Amino acid sequence: MLRYYRRLDAHLHAGADDGTPVTGDLSGRRIFAIWLAANLVVTTMLTGTLFVPSVSLSSALWLILAGTVVGALVLVTVGNVGTRTGLPTMALTRASFGVRGSRIPVAANIAVLMGWSWVQAMLAGVTVNYVVAQQTGYSNPTLFSVLCEVIVVSLAIFGHTGIAKVEPILAVVILGIMAYLFIDMFGDGFARLDTLPRDPEGLTGLGIFDIVVATAISWTVLSADINRFAATSRGGVVGSGLGYVASTVAAMALGATAIAWLLAGGKEAPPFDPTVIVAEFGVPLAIVVFFSVMATNTMAVYGMVTSLVNAEPGRIRFLPAALGLGVISIAGSAWLALLDKFTAFLTAIGIVFIPVFAVIIVDFYVLRRGRYAASLAEAGSRDYWYRGGWNPVAVIVWLVGVGFSSAITYLWVSPVGATVPTFLVSAGLYWAASVAVRNRDHRDTDSVAV
């Protein structure tokens, strides 16, 4: 057993899963396939169930498309920094937050991805449990949730090469079954599903748009983790953009359409409950749920391991980190009460990470003109040391962004949602403050020289 462990550890280290920059070799098609499978997931599908009958099905579909495209702009922009530097998402935060300051988003990212991993395993476990209970009478959702997470962790420990091989296969299976379900639901015509009575207490159109954009933000934590393996910037941008948009629109549209189909048939349809939909569509939808979790949750576990490894490059190896975090993720998947807090969890992700990505984009593309020093891959880089390893500007802007987003989410609810305003405010503040500090430092340097 020890021999196999050492061989796998050496393989992962040689494949640059241990924190060193990579030279990508995946084609745009392969990146597309990975991202296509990534968001064909039960959480995205069930998010779509929140939108109908708050708005009509046609309105929901347009909002899903618009919000996904807007959110994908952030995802591919951050992902392209990964392609150009060879570094994962959280390693990029060292450039703007400082070597030590980057530990703030890193810690938040690990916590967020752990939560994602638990939720997805639970939804898969609940679904599998429902099917097994219908066939045999045996019911133990906690056990099946844990077993689903064991499979996910087993896939994730093989690093990015395992993900690149498995994801395209799962995507084909999931898309085939989803196509069958869409054909079945639209068999009696679209108008019947589009003319349901509205829920006056439901979400507004802008609220739906904001949730869809926030979904993309939640995925951006993994964008550079995957896109750093793209062979070209164009392949990474086009592949991830098309893959993410296609998978998100398909999954959310399936959830919204399924709820509309159930309501049109006079049936109870509580949102965010996979068993309600599986009860109607049977084993095919249960297969979609299970395989989608295998595809997506593998990336979530891989992402949190990558974040931990890159927090201290060269000091933490991939395999022991994967096994340690894997044990935690397996244990936490038994906490089924988390399912009742999913929408609050998704909102929290947006509040924490929208300012982070605004800072990364402005820092790389505007302030540094698309160039980072090679030393960014080093844990103790002096090029990004700032003040004691912290960049006060980035940290303060992040705190302001979190406070602003929280305020317009919970206190003074913004009529246009929180995601886009928070991004624009954070980006503008970081640019203005960074330019002001740079000009001040230049004046100080000039005065000393004189």
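A salt bridge is taken here as a side-chain nitrogen of Lys or Arg within 4 Å of a carboxyl oxygen of Asp or Glu. The structure is a predicted model, in which local features need pLDDT of at least 70 and side-chain atom pairs count only at pLDDT 80 or more, while totals for chains, interfaces and linings use all residues. Residues are numbered from 1 along each chain as its sequence is written, and side-chain values use heavy atoms, with hydrogens and water left out.

**Exercise 1. Find how many salt bridges a search of the whole structure gives, and describe the one formed by R368.**

Step 1. Side chains of opposite charge can pair when their charged atoms come close.
Step 2. The search of the whole structure returns 1 salt bridge.
Step 3. R368 forms a salt bridge with D363, and the closest N and O atoms of the two are 3.0 Å apart.
Step 4. Burial is judged by relative accessible area (buried under 20%, exposed over 50%, partly exposed in between, with a 1.4 Å probe and protein chains only). R368 has a value of 27% and is therefore partly exposed, whereas D363, at 2%, counts as buried.

**Exercise 2. Classify the ring pair F353 and F357, and then the pair F364 and Y365.**

Step 1. Rings of Phe, Tyr and Trp (its six-membered ring) pair if their centres lie within 6.5 Å; planes under 30 degrees apart count as stacked, over 60 as edge-to-face and the rest as tilted. The structure holds 8 aromatic pairs.
Step 2. The ring centres of F353 and F357 are 5.8 Å apart and their planes stand at 20 degrees, so this pair is stacked. Both residues lie in helix α16 (residues 342–367), 4 residues apart, about one turn of the helix, and both are buried.
Step 3. For F364 and Y365 the centres are 4.9 Å apart and the planes at 90 degrees, so that pair is edge-to-face. F364 is buried at 1% relative accessibility, while Y365 is partly exposed at 27%.
Step 4. F364 and Y365 also belong to one aromatic cluster together with Y372 and Y384.

**Exercise 3. Determine where confidence in the protein chain is lowest and where it is highest.**

Step 1. pLDDT is the predictor's confidence in each residue, from 0 to 100; its mean over the protein chain is 83, and 88% of the residues reach 70 or more.
Step 2. The lowest confidence falls in helix α1 (residues 2–14), at a mean of 61, and the highest in helix α4 (residues 57–85), at 95.
Step 3. Where pLDDT is low, the predicted coordinates should not be read in detail.

Technical notes:
Helix = DSSP H or I, 4+ residues; strand = E, 2+ residues; numbered from the N terminus.
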